[in-house]
Amino acid sequence: MTSDVTEDLWLFGYGSLIWKPPPHFDLRVPGHVEGYVRRFWQASEDHRGTPEAPGRVVTLIDRSHWETLTDQHSDAPPTTWGAAYRIPGPHVAEVREYLDIREINGYSIQYTPFHVSEAFNATHDLPAPINCLVYVGLPDNPQFMGPQDLDSLAEHIVNSRGPSGENKDYLYGLDQALVELGEGSEDEHVHDLARRCRELEGRTSKDDDNQTETSIVGSELKRLGSTDEQEEIEK
Ligand code: BEZ
């Protein structure tokens with residue numbers, strides 16, 4: 001017997017999805033995944049750069065593959081923090097169609113166990129772990145850049161922009177959003193790059209507090225009802 005009822009979809013965001021939620025979510029959950037390393041190693045031709053001058057956005061690298069590479073940031077936390085979104089069954093087809101556009105520019109779909117933050121689950125009692133869909137730019141995709149010299153990468157980010165705005169604002173937005181996820185959520189790769197970019201700009205992080213691009217209003221995420229209203233999701 002088949003059923004017409006579509007199950008809820010859980011989606012894990014580790015990039016801009018953390019502060020720019022997908023449409024139709026009814027729950028946003030802070031937490032982490034394991035077995036990956038987050039790096040600014042994916043070229044962006046469609047959001048924070050152009051085909052002529054691609055910017056840089058994050059991807060997840062399989063930790064066992066990352067360990068074979070030479071990375072100037074030679075440490076990485078054992079967990080990658082982000083936000084999981086629950087999309088109710090009746091909206092899954094629409095949201096999947098909308099999100100799958102993200103496979104353009106190199107991203108593929110994987111599923112991975114997501115661990116809800118202890119602080120959140122103290123009041124919610126969600127099952128753990130939750131199987132989440134995640135978009136990953138694999139090493140064989142044409143946009144995958146591999147290990148980057150950190151000074152050159154910071155300079156590249158400061159000088160890049162695309163249809164979704166300044167590349168550096170994506171970096172600053174991610175750095176800020178990670179801090180807000182909870183204890184243990186910081187990512188030194190992201191934070192150090194943000195520091196290098198601010199230094200290049202001659203700005204202090206205090207100046208930047210007033211300028212960080214975000215869809216978080218106060219402590220509330222801006223929730224938009226339909227994909228028409230939602231700003232296009234980016235990496
Ligand atoms: C994100 O986690 O924000 C994301 C990553 C890759 C593609 C789309 C979104």
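Colleague: Which residues does Arg-38 touch, not counting residues up to four places away in sequence?

Modeller: Bear in mind that this is a predicted model. Arg-38 is found in strand β3, and the C-alpha atoms of Arg-38 and Val-58, which are 20 residues apart along the chain, are separated by 6.4 Å. Leaving out residues up to four places away in sequence, Arg-38 touches Tyr-14, Ile-18, Val-58, Thr-59, Leu-60, Thr-80, Trp-81, Leu-174, Leu-178, Asp-187, His-189 and Val-190.

Colleague: Is Arg-38 buried or exposed, and with which side chain does the side chain of Arg-38 make a polar contact?

Modeller: With a relative accessible area of 3%, Arg-38 falls under the 20% cut-off and is therefore buried. The side chain of Arg-38 reaches the backbone oxygen of Trp-81 at 2.9 Å. The side-chain partner, in a polar contact of 2.8 Å, is Asp-187.

Colleague: Why do the buried residues of α4 lie on the same side of the helix?

Modeller: In helix α4, which spans residues 150-158, the buried residues are Leu-150, Leu-153, Ala-154, Ile-157 and Val-158. They are on the same side of α4 because the arc they cover around the axis is only 135 degrees.

Colleague: Which residue caps the N-terminal end of α4, and against which elements do the buried residues of α4 pack?

Modeller: At the N-terminal end of α4, a side-chain oxygen of the capping residue, Asp-149, lies 3.4 Å from the backbone nitrogen of Asp-151. The buried residues of α4 pack against strands β3 (36-44), β4 (55-62), β8 (161-162) and β9 (165-166), and also against helices α5 (167-179) and α6 (188-201).

Colleague: At roughly what angle do the axes of α4 and α6 cross?

Modeller: Residues of α4, including Leu-150, Leu-153 and Ile-157, meet residues of α6, among them Asp-192, Leu-193 and Cys-197. The crossing in which α4 passes α6 is right-handed. The two axes come within 9 Å, and the angle between them is roughly 65 degrees.

Colleague: How are α5 and α6 oriented to each other?

Modeller: Among the residues of α5 that meet α6 are Lys-168, Leu-171 and Tyr-172, and those on the α6 side include Val-190, His-191 and Ala-194. The axes of these two helices come within 9 Å and cross at roughly 135 degrees, in a left-handed crossing. The orientation of α5 and α6 is therefore oblique.

Colleague: Is Asp-192 buried or exposed?

Modeller: Asp-192 has its place in helix α6 and touches His-73 and Leu-150, if residues up to four places away in sequence are not counted. The relative accessible area of Asp-192 is 7%, so the residue is classed as buried.

Colleague: His-24 and Asp-125 each have a positive phi; which of them is buried and which is exposed?

Modeller: Most residues other than glycine have a negative phi. His-24, in the loop between β1 (9-13) and β2 (27-34), has a phi of about 70 degrees, whereas Asp-125, in the loop between α3 (118-124) and β7 (130-137), has a phi near 55 degrees. The relative accessible area is 14% for His-24, which is therefore buried, and 67% for Asp-125, which is therefore exposed.

Definitions and conventions
Residues are numbered from 1 along each chain as its sequence is written. This is a predicted model: local features need pLDDT of at least 70, side-chain atom pairs count only at pLDDT 80 or more; totals for chains, interfaces and linings use all residues. Side-chain values use heavy atoms; hydrogens and water are left out. Buried means under 20% relative accessible area, exposed over 50%, partly exposed in between (1.4 Å probe, protein chains only). Helices (H or I, at least four residues) and strands (E, at least two) are DSSP runs, numbered from the N terminus. The arc is that of the directions from the helix axis to the C-beta atoms. Contact means heavy atoms within 4.5 Å. A polar contact is a pair of N or O atoms within 3.5 Å; within protein, one must be able to donate a hydrogen and the other to accept it, and residues adjacent in sequence count only if both atoms are side-chain atoms. Axes are lines fitted to C-alpha atoms, for helices over the stretch in contact, and angles run from 0 to 180 degrees between N-to-C directions. Angles under 35 degrees count as roughly parallel, over 145 as roughly antiparallel, 65 to 115 as roughly perpendicular and the rest as oblique. A crossing is left-handed if the near helix is turned anticlockwise from the far one by less than a right angle, and right-handed if clockwise.
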